[in-house]
Amino acid sequence: MARILAITNQKGGVGKTTTTVNLAAGLALAGRRVLLVDLDPQGNATMGSGIDKRALTATVYHVLLGEKAIDAVRVRSQAGNYDVIPANRELAGAEVELVDLERREVRLKEGLAALGDQYDFVLIDCPPALNLLTVNALVAAQAVMIPMQCEYYALEGLSDLVNTVKRVRANLNPELDIEGLLRTMYDPRNTLGQQVSEQLQQHFGDKVYRTVIPRNVRLAEAPSYGVPALSYDRQSKGALAYLALAGEILGKQAAN
Ligand code: ATP
Ligand code: MG
């Protein structure tokens with residue numbers, strides 16, 4: 001059965017999409033069958049995987065509204081060697097349109113169930129909000145991965161997110177776990193960053209990945225070429241860090 005992870009943090013710009021795209025490419029490079037689900041109307045994960053969001057006529061929006069089967073929407077990221085359920089602006093409407101529909105929280109889960117055993121990993125890139133789209137991701141997932149910058153306010157936002165996870169667990173998805181917290185855009189020279197990083201480890205222990213993602217310009221450049229950093233510059237510090245993260249996740253899985 002696929003391991004389904006929701007990459008989520010309601011705070012914007014913390015590295016969710018960068019993590020989803022590069023972890024997908026890293027796991028694919030390790031020989032795993034990977035599906036990336038873009039659940040953000042910004043469509044950044046779609047574009048970053050080399051798929052033109054403006055040219056799409058079938059997206060995750062149609063799956064959520066029950067208008068199309070998931071395999072009719074799926075496209076291939078040639079650059080990343082994984083499959084993508086893409087998104088574009090149209091998805092912003094789903095927020096509103098889903099509200100009146102029944103089983104509105106389980107639509108992604110049901111869509112993914114139709115794929116059966118085709119993947120080892122499904123990575124869901126969430127929007128920067130705790131909305132119905134994110135709830136769909138948390139219901140579909142077995143666990144959440146939380147990318148975060150080590151800033152002062154990061155810990156505050158984290159407790160909101162942890163409470164949301166608890167609520168979803170109590171009401172909609174009893175299996176939901178926290179897979180891990182990922183420190184992103186890390187600068188070891190920043191003292192505040194070090195302090196927040198230490199607090200994080202005190203609070204969450206081994207839920208904090210050992211792998212740390214450094215601030216690295218290659219990670220920011222790659223999306224403008226529509227490729228994961230692993231294809232753009234495999235030797236860059238950023239690409240190597242995501243490869244290490246893929247290794248850490250596979251190691252954890254093997255140990256369980
Ligand atoms: P949003 O909440 O808008 O969806 P996000 O959490 O998905 O944002 P990203 O889009 O991954 O965050 O990253 C925000 C910006 O920071 C992007 O321009 C990205 O290229 C850049 N970035 C992400 N991670 C790194 C890094 N480790 N080093 C340098 N730049 C990074
Ligand atoms: Mg994003």
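**A helix and its sheet**

Modeller: The buried residues of helix H6 are Leu 132, Leu 133, Thr 134, Val 135, Asn 136, Ala 137, Leu 138, Val 139 and Ala 140. That is nine of nine residues, and H6 is mostly covered. Buried stands for a relative accessible area under 20%, exposed for over 50%, and partly exposed for values in between, with a 1.4 Å probe and protein chains only. Helices (H or I, at least four residues) and strands (E, at least two) are DSSP runs, numbered from the N terminus.

The model is predicted, and local features need pLDDT of at least 70, side-chain atom pairs pLDDT 80 or more, while totals for chains, interfaces and linings use all residues. Residues are numbered from 1 along each chain as its sequence is written, chains are lettered from A and ligands numbered from 1 in the order written, and side-chain values use heavy atoms, leaving out hydrogens and water.

Thr 134 counts as buried because its relative accessibility is 1%. Its side chain reaches the backbone oxygen of Ala 129 at 2.6 Å. That is a polar contact: a pair of N or O atoms within 3.5 Å, where within protein one must be able to donate a hydrogen and the other to accept it, and residues adjacent in sequence count only if both atoms are side-chain atoms. Leaving aside residues up to four places away in sequence, Thr 134 touches Thr 8, Cys 126, Pro 127 and Ala 129, where contact means heavy atoms within 4.5 Å.

Eight strands form an open sheet with mixed pairing, in the order S3-S4-S2-S5-S1-S6-S7-S8; two strands pair if DSSP finds at least two bridges between them. Strand S3 (75-77) and S8 stand at the edges with a single partner strand each, so one side of each has no neighbour in the sheet. Direction ignored, neighbouring strands are turned by 25 degrees against each other on average. Axes here are lines fitted to C-alpha atoms, for helices over the stretch in contact, and angles run from 0 to 180 degrees between N-to-C directions.

Strand S1 (residues 3-7) runs parallel to strand S5 (residues 121-125), joined by five bridges, and Leu 5 has Leu 123 of S5 as its bridge partner. Helix H1 (residues 16-29) packs on the sheet and touches S1, strand S2 (34-38), strand S4 (82-85), S5, S6 and S7, its direction making about 165 degrees with that of S5. Helix H8 also packs on the sheet, touching S6, S7 and S8, at about 170 degrees to the direction of S7.

Strand S7 (residues 177-186) is largely enclosed by the rest of the structure, because eight of its 10 residues are buried. Seven bridges pair S7 in the parallel sense with strand S6 (residues 143-149), and Pro 147 has Leu 182 of S7 as its bridge partner. From S6 the chain crosses through helix H7 (residues 154-171) to S7 in a right-handed β-α-β crossover. Right-handed means that, with the strands pointing away from the viewer, the path from the first strand over the helix to the second runs clockwise.

S7 is also parallel to strand S8 (residues 208-214), through three bridges. Leu 181 has Val 208 of S8 as its bridge partner, and Tyr 186 stands opposite Pro 214 in S8. Together with helix H8 (residues 191-204), S7 and S8 make another β-α-β unit, recorded as right-handed.

The loop between S7 and H8 contains Asn 190, which is partly exposed, with a relative accessible area of 37%. Its side chain reaches the backbone nitrogen of Leu 192 at 3.0 Å. Asn 190 lies 39 residues from Glu 151 in sequence, and the two are 9.9 Å apart in space, C-alpha to C-alpha.
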